[in-house]
Amino acid sequence: MSEAQDLAERLAAWGTYHVERPLLGGHRNRVYLVRAADDTLWIAKTTRRSEAALARAHHLQCQAAEVGLGVAAYRKSDAGLFGLGGLTVEPFIEGQPSTATDMAGLRAGLAKLRQATASWRHRPGFAGAADLLSGTHGGDINLSAMPDRIVAACRGAWTALQTRRETAIHGDLSPANLIRAQDGRLILIDWDEARRDTPLFDHAALSPNRMPRALAQAHLAWEVASGWQTEPDHARILARRLLQGSA
């Protein structure tokens, strides 16, 4: 069975789909452009998340839409589930890559989302940076699989975040995850790393050159830890920068 046939069979939980082609840009999951029987285009992604974690992320997507942020939300399968056969499905957004001005334009919407999610619960299986000062697992992070000196550097950087308030965050803001649709709307995609944590991690993408050193180190530490197993080569390059900054 070909990869496309296997994918189409797994997508049957959402209906009849034809696999158009794989898409670039998925560093931790494989991403495909697929066409439904009604000729609409969708995105199918592989996922390692539990159904409970996907449902919690969808809840956040809905809250983001309520405060005016554009969202490409997970689509439920015919069985009412967000993930089946190791896949999720979401709308394909046709448009242009975002600009620095577009990214800055998210500030007001993200501020409203923070206010709306002050009491938002953790996604099952996830953790924030403050939780990982003593815990070892959360999302893509497994500190027990990392060298002790890297773990110590990460936790040392995260101590700066202990007293900061937490809300729900997108967790992976970048120009690659913001699309200007053909109708002019800005659409946030890829909510796979959404979690409860300090908003610093979202702000880092909006003002990357204006971060206080301690907070920049905390953000770098998160990138190292979350990519250690999923993007090992990149994570090890970042780890060298982290160690130099903490020396």
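Which element gives the most to the lining of the second largest cavity?

**Figure 1. Lining of the second largest cavity in the predicted model.** The element that gives the most to this lining is α4, with 3 residues. The volume of the second largest cavity is about 50 Å³. Its lining consists of Leu110, Leu113, Arg114, Ala168, Ile169, Pro199, Asp202 and His203. Two or more of the lining residues come from each of α4 (107-116), β9 (167-169) and α6 (200-206). Sorted by class, the lining of the second largest cavity holds 5 nonpolar, 1 polar and 2 charged residues.

**Figure 2. The largest cavity and the residues that line it.** Across the whole structure, a search finds 3 cavities of 30 Å³ or more. Arg28, Arg49, Phe126, Gly138, Gly139, Asp140, Ile141, Glu193, Arg195, Trp222 and Ser226 form the lining of the largest cavity. This lining comprises 5 charged, 3 polar and 3 nonpolar residues.

Figure 3. Threonine 88 counts as buried because its relative accessibility is 3%, and buried means under 20%. When residues up to four places away in sequence are not counted, threonine 88 touches Trp14, Ile43, Ala44, Lys45, Thr47, Leu54, Tyr74 and Phe82.

Methods:
Residues numbered from 1 in each chain as written. Predicted model: local features only at pLDDT ≥ 70, side-chain atom pairs only at ≥ 80, totals over all residues. Heavy atoms only, no water. Buried < 20%, exposed > 50% of the residue type's maximum accessible area, 1.4 Å probe, protein only. Contact = heavy atoms within 4.5 Å. 1 Å grid on protein atoms, 1.4 Å probe; cavity = no way out; pocket = protein on both sides within 12 Å on 5 of 7 lines; lining within 4 Å. Points joined across faces, edges and corners; volume = space filled by probe spheres on them. Nonpolar A, V, L, I, M, F, W, Y, C, P; charged D, E, K, R; others polar. Helix = DSSP H or I, 4+ residues; strand = E, 2+ residues; numbered from the N terminus.
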